Every structure is written in structure tokens, then in C-alpha cells.
Amino acid sequence: MSLYYEMTLPIDSRDVDGNGFCKASSLLGHIQEAAAQAAERGGFGRDMTLNGYRAFWMLTRVWYRLRRPLGWEEPLTIRTWHRGDKGATMYRDYDLFVRGEQVGECVSAWVLASLDSRQLIRLGTVRELDGTSGGALCKAKKLSKLRLPQDMALADRRKLRYSDTDLNGHVNNTRYADFACDALEMEKLGPRRFLSEMQIGYLAECRPGEELRLLTGREGDVCFAQGMDESGKSRFEASLIFGEVLP
């Protein structure tokens, strides 16, 4: 049996930037909500993992690519499924549509971590996952660790606050997309440029009161952003590719 979940929602005024394009953080928020609803619908959501395994799903990497920007008031349809992995990492795939036209795709990597020890749980032991993968829909893309340029330079410092946090009390993973876009000063790109491709690796949790040093760099057409704490430990890493709106 294969299983996918589909949801449609409008890109509203809270999602868009000054050009009317959906921000990366908003898109990632919608994608994450689709993943959460798909897991609940499939029987392996938050309540099941907490009560049955004393564990929680943790996002480790996410990547998306858009053929064009998503505009204000467009109806975004997200179709998602997982790959049925038996190791420690579960890949979840997504196709993105607007009025039946495929406008993008996404891949995210998740692990199931013990609430007590933070050790990873092998997914083959989670019987609720049996028979719930996307089958022939599954993508082949894997998300490798990013290789950052050697000459990353300090672009900004960011104090983390209450407004950055989520249900678990740490910085919401979508906020790192904002940190990366701000560090690269996306507002200076002009009205015909948009973020067409992005990958984020989540390396360590952040909490309010901490401060990140934001570093940026570039290799060819790929821009990079990294958030480091005061001890020099990397908390997140991101790659960004900007496209141009076709006439």
C-alpha cells in the first residue's frame, strides 16, 4: 500500500515579502505543517511517538526548489509521503502545485529521537510505519552535509528571543531561513529575484537568550549562511540559490 497526504492553503499576507513572494520561512512552515498532518493521519504523529516510544520527530535537513516564486493569494497544494526507511533517518518527499501546475518540490530528513536519552530509534522497530510509504512516488534525492566555503565572513549577530521559539521551547526551525535571508540581505536583490532553491542543515538546538554569529559566503551561484554560537559551534548551515522571475 502507498500513502500520500495532500493539503491546500492560500498564500496570505503574513507569508509574503515586499515583492509579494512567499518567504522561505513561510513555505517551510507550510511544508512542516503538511508533514505533521500526514504523520497524524498515518498514525505515527506526536501523540503516538510520545506515548508509544517516548520519542519525538526531529527535523535534521530540508531542501526545496521552486520553478517560480509563489505569489500572494495563490492556492498552494502540498502533496507529501515518506519513503519507508528502516534505518535511523526517514526521508519525506513533497510536490508543490498551484492550480494543478507543479511549481516545486521538497525533501526533508527526519529522525526519531528518544525523549530521555536523545538516542536515535531505528525506524524498522516502529510498526506503525509499516505499509505507509509513498511507493512509486518516492524521490531518489538524498540530503548530504553542506560543504561551506573556507572564506565565510561575519555578516551579523542575532540575539534569539521568545518570538523565535516553538512548542518545544527552542528556536523554530523555520526561523533559520529568516536568519539566512537576513544575513544575505535579500531585500537588496531587487523585485525580479527570488529564492529558488534552499537547503538547511539543523546541527544543534538554539534557545532564547543565546546569540548567533551569522557568517556568509559564496561559491559560483550558490550563497551560504552559517549560524555559530560564541564557542564556535555551528548550529545551522544553509545554501541558497537565487533565480530570476521570467517576463
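Here are some questions and answers about this predicted model.

Q: Which residues of strand β1 point to the buried face?
A: In a regular strand the side chains alternate between the two faces of the sheet. Strand β1 covers residues 5-10, and its side chains follow that pattern.

Q: Which residue in β3 stands opposite P10?
A: Strand β1 is joined to strand β3 (residues 75-82) by 6 bridges, and the two run antiparallel. Within this pairing, the residue that P10 stands opposite is P75.

Q: What is the phi of R118, and where does R118 sit?
A: Most residues other than glycine have a negative phi. R118 is not a glycine, yet its phi is positive, at about 65°. R118 is also partly exposed, with a relative accessible area of 44%. Its place is in the loop between β5 (101-114) and β6 (153-159).

Q: Is E185 buried or partly exposed?
A: E185 is another residue other than glycine with a positive phi, near 55°. You'll find E185 in the loop between α3 (175-183) and β7 (193-202). Buried would need a relative accessible area under 20%. E185 has 36%, so it counts as partly exposed.

Q: How many disulfides does the structure have?
A: A disulfide is a covalent bond between the sulfur atoms of two cysteines, and here the sulfurs have to lie within 2.5 Å to count. For C181, the nearest cysteine sulfur is that of C223, 10 Å away. For C206, the closest is in C181, at 17 Å, which is too far for a bond. A search of the whole structure gives a total of 0.

Q: Why does C206 count as buried?
A: To be buried, a residue needs a relative accessible area under 20%. C181 makes it, with 10%. C206 counts as buried because its relative accessibility is 0%.

Q: Which residues does M198 touch?
A: Leaving out residues up to four places away in sequence, M198 touches A24, V62, W63, Y64, A177, A180, S239 and L240.

Conventions. Residues numbered from 1 in each chain as written. Predicted model: local features only at pLDDT ≥ 70, side-chain atom pairs only at ≥ 80, totals over all residues. Heavy atoms only, no water. Buried < 20%, exposed > 50% of the residue type's maximum accessible area, 1.4 Å probe, protein only. Helix = DSSP H or I, 4+ residues; strand = E, 2+ residues; numbered from the N terminus. Pairing = 2+ DSSP bridges. Contact = heavy atoms within 4.5 Å.
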